[in-house]
Amino acid sequence: AWKKFQAHGFRDKDEFERDTVRHVETTLARSMFNCDETAAYAATSLAFRDRLITQWNRTQQRQTFSDTKRIYYLSLEFLMGRALDNAMLNVGAKAIAKDGLADLGFRIEDIIAQEHDAALGNGGLGRLAACFLDSMASLNFPAWGYGLRYRYGIFKQEIVDGYQVEVPDYWLDFNPWEFPRHDIVVDIQFYGNVRKYQNDQGKNVVTWEGGEIVKAVAYDVPIPGFDTPSTNNLRLWSSKAASGEFDFQKFNSGDYESSVADQQRAETISAVLYPNDNLERGKELRLKQQYFWVAASLYDIVRRFKKSKRAWSEFPEQVAIQLNDTHPTLAIVELQRILIDLEGLEWDEAWKIVTKTFGYTNHTVLPEALEKWSVPLFQNLLPRHLQIIYEINLFFLQLVEKKFPKEREILGRVSIIEESQPKMVRMAYLAIVGSHKVNGVAELHSDLIKTTIFKDFVRIFGPDKFTNVTNGITPRRWLHQANPRLSELIASKTGGIGFLKDLTLLNELENFADDKEFKKEWAEIKYANKVRLAKHIKTTTGVTVNPAALFDIQVKRIHEYKRQQMNIFGVIHRYLTIKNMSAEERKKLAPRVSIFGGKAAPGYWMAKTIIHLVNSVGSVVNNDKDVGDLLKVIFLEDYNVSKAEMIIPASDISEHISTAGTEASGTSNMKFVLNGGLIIGTCDGANIEITREIGESNIFLFGNLAEDVEDLRHAHNYGDHSMDPDLVKVFEAIKSNMFGDAGSFGALVGAIEDHGDYYLVSDDFHSYIQTQELVDEAYKNQDEWISKCIQSVARMGFFSSDRCINEYAESIWNIEPLQPESKN
Ligand code: 26W
């Protein structure tokens, strides 16, 4: 039933072997006799890369000649993970490579595992951008990604004595997936002064002079589509000193050290990804990164447009730019500057073009994550841009005043400039004013931004400017690549691999939710995935876990709003319960393995404390012989994309338990369900739509609703906070030093007991524990459990990022796919 397809890979394994051996011998200058796994990885990648390049060039040519509208996706983060496996699958020659590598004496899994993750992102936002690139290429959209080529991706996490330690992620030693374009270099200006004068024709001119110049060098990464020759481009910018190797003036005057220092300072701009997720710190270097990347990308986009010799008014018919959160908001200001200062357009004419071009996606309502930059910082670094922002704000406030003449207070509320000390530029407001569409990433989230943080703007611009595009994930990586056996089983019942291009075809599986033979195979695959994870746990932590136990997984960035603390408190509660159980009662309990993973921002002390508590509980519970297999607690080090591909398929139940109204969407919830795991979650983000699709009986929902959160918080602050009695017992256990020095966990407990319990852990604890008991009960009936899993997978079609990209294309970008002429 497995329909083999071969879009543009290798004719046969001989061809693959010939190419690979050639790369070992010539490109790598090694002999096959000392070809180790690293070299085999390199050569295999180069062999596939050759195939990609051909298609990539053709795709780019096709896009140039057809002269249709392009979409530019601006994201400060692209969490790509590994490229080789993806290239093999998308090109359609993984089976050939597997056989070929076996001939050469290698196992394909080992070769794939050689690759270092491209980890240019923090979490959900960065991975979403990567899924979107995959979908845009697979759907044949003429799309470009623009980002930064960080020398260091997100740090590697090591756990030492139960604490997180950050290790730099230098990933560029050998990267066959990027192509330096030393001929594509853009000068980027910082600092300096603005001069206004009348030129010879009596026209007012504004120039931005002086300051310093840094060079942006383009690095291109091919993005292959699945089962199509379309191969798009991700362009990443790297910073370089403007004067080349040395500042010769300084060099000649003997100031060698400072000339080297200048060069290093320039290269610092693209050196490192900021590891904060959902926390804004206002660092100048980050603003520099943002402008550097945005200015280089816009220069590139504008240059491409100008080649077409069209009128400026046609710019929005040729170019759509999507802002992935507010990080690239300066692009709005930069385009306005290009049009009025450099191209001589009138303000109004330029502004019309700008607002028609941009769309803005919001990914968070957490106030501490909303970007604000201080006006003095702006004034110094980007003096002309600050002027333009003030002008944008002036025209905007005039419009508001005209619309609401009697409401004086609204002006201060919606002003792009916050009248604080110092004044601040509110980037989200600038993004709204400068875009024609603003979208949230799940229904609840899109409603929330309309009724809370952006409420005034809905009144000003009308409700049509605000829309929802529920997130999605690419089934290629998150099903076919991560879970090949399940993918194959599904293909055998849905008429081939078509479901990977049209995920609604999963519907066919409904017919097999009660099919005995099918369920048996399904269960076997889940078990095998759990065995694989159990092995990983053994080798990385030394703990033996029983693959027959219920695997309960929470992997995501560590954040108080995501409530890993509630999870671990629940685990402690379970431990205390087991300790008090009779032997008879214990026999009835489903053994459980509680698995955590995720990075804490290096400066986020509370998140680090949560990691420490998980590890401390683990070392007590896992060594308690009396408890044995009934409970194990695991913290998996260094959660990243490639680990997710192994962890997610091994889940029985996964946790998506954020305080209602705080998680914009979540996307791992979709990945877990798509891989045949059930979820326990709050009524938050995309959990709500997942429930709508798969049915209430297939999900374990609990906890307070978003609409009640404000009142509950209010009650806490006015002394009405009666702690949940089970949680009190958990805290007593912690305070008795059961898990080591209680002092280390004081802040965690105190945040709930004494400091208002902002994330409502105590309010939700009881229903969380009760719902976990329902999970225990449900898991005992394996037959029914598996039916639930199958039924859920069957109904997950909606959450493909293909659906999501098609929605953006239609409702925001107004762009059509560009079909390749023929498949070869
Ligand atoms: C300025 C610091 C900073 C850094 C990153 C602020 C905010 C962010 C991101 C917007 C945080 C993020 O990744 N948000 C996540 O976006 C996902 C994709 O839409 C959603 O699924 C998650 O719910 C949301 O937390």
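This is a predicted model: local features need pLDDT of at least 70, side-chain atom pairs count only at pLDDT 80 or more; totals for chains, interfaces and linings use all residues.

Q: How many residues surround the ligand?
A: Start with the closest ones, which are Gly 124, Leu 125, His 363, Ala 664 and Ser 665. By class, the shell splits into six nonpolar, twelve polar and five charged residues. The number of residues around the ligand is 23.

Q: Which residue does the UniProt annotation "modified residue: N6-(pyridoxal phosphate)lysine" cover?
A: The annotation comes from an unreviewed UniProt entry. The residue sits in helix H26, which spans residues 668–674. Its contacts, leaving aside neighbours within four places in sequence, are Ile 473, Trp 478 and Ile 648. The annotated residue is Lys 671.

Q: Is Lys 671 buried or exposed?
A: The cut-off for buried is 20 or more other C-beta atoms within 10 Å. Lys 671 has 30 C-beta neighbours inside 10 Å, so it counts as buried.

Q: Why are the buried residues of H29 said to be on the same side?
A: The buried residues in helix H29 (residues 725–735) are Asp 726, Leu 727, Val 730, Phe 731, Ala 733 and Ile 734. They share a side of H29 because the arc they cover around the axis is only 155 degrees.

Q: Which exposed residues does the face of H29 turned away from its buried side carry?
A: The buried side is covered by, among others, helix H22 (564–579), helix H30 (746–753) and helix H31 (761–780). The opposite face is where the exposed residues go, and they are Pro 725 and Glu 732.

Q: Which are the edge strands of the open sheet?
A: The sheet has three strands in the order E14-E16-E15, with antiparallel pairing. E15 and E16 (residues 424–426) pair over two bridges, and Ile 417 stands opposite Val 425 in E16. An edge strand pairs on one side only, and that holds for E14 (372–374) and E15 (417–418).

Q: Which residues does the cis peptide bond join?
A: Most peptide bonds are trans. Here omega is about 0 degrees, and the proline involved lies in the loop between E15 and E16. The cis bond joins Gln 421 and Pro 422.

Q: Is Ala 29 buried or exposed?
A: Ala 29 has a positive phi of about 55 degrees although it isn't a glycine. You'll find Ala 29 in the loop between helix H1 (13–27) and helix H2 (37–66). With 7 C-beta neighbours inside 10 Å, Ala 29 counts as exposed.

Methods
Residues are numbered from 1 along each chain as its sequence is written. A residue is near a molecule or strand if its C-beta atom, placed from the backbone, lies within 6 Å of it. Ala, Val, Leu, Ile, Met, Phe, Trp, Tyr, Cys and Pro count as nonpolar, Asp, Glu, Lys and Arg as charged, and the others, Gly among them, as polar. UniProt positions are given in the numbering used here, feature names are shortened, and annotations may be inferred rather than shown by experiment. Helices (H or I, at least four residues) and strands (E, at least two) are DSSP runs, numbered from the N terminus. A residue is buried if 20 or more other C-beta atoms lie within 10 Å of its own, exposed if 12 or fewer, and partly exposed in between; C-beta atoms are placed from the backbone. Two residues are in contact if their C-beta atoms, placed from the backbone, lie within 7 Å. The arc is that of the directions from the helix axis to the C-beta atoms. Two strands pair if DSSP finds at least two bridges between them.
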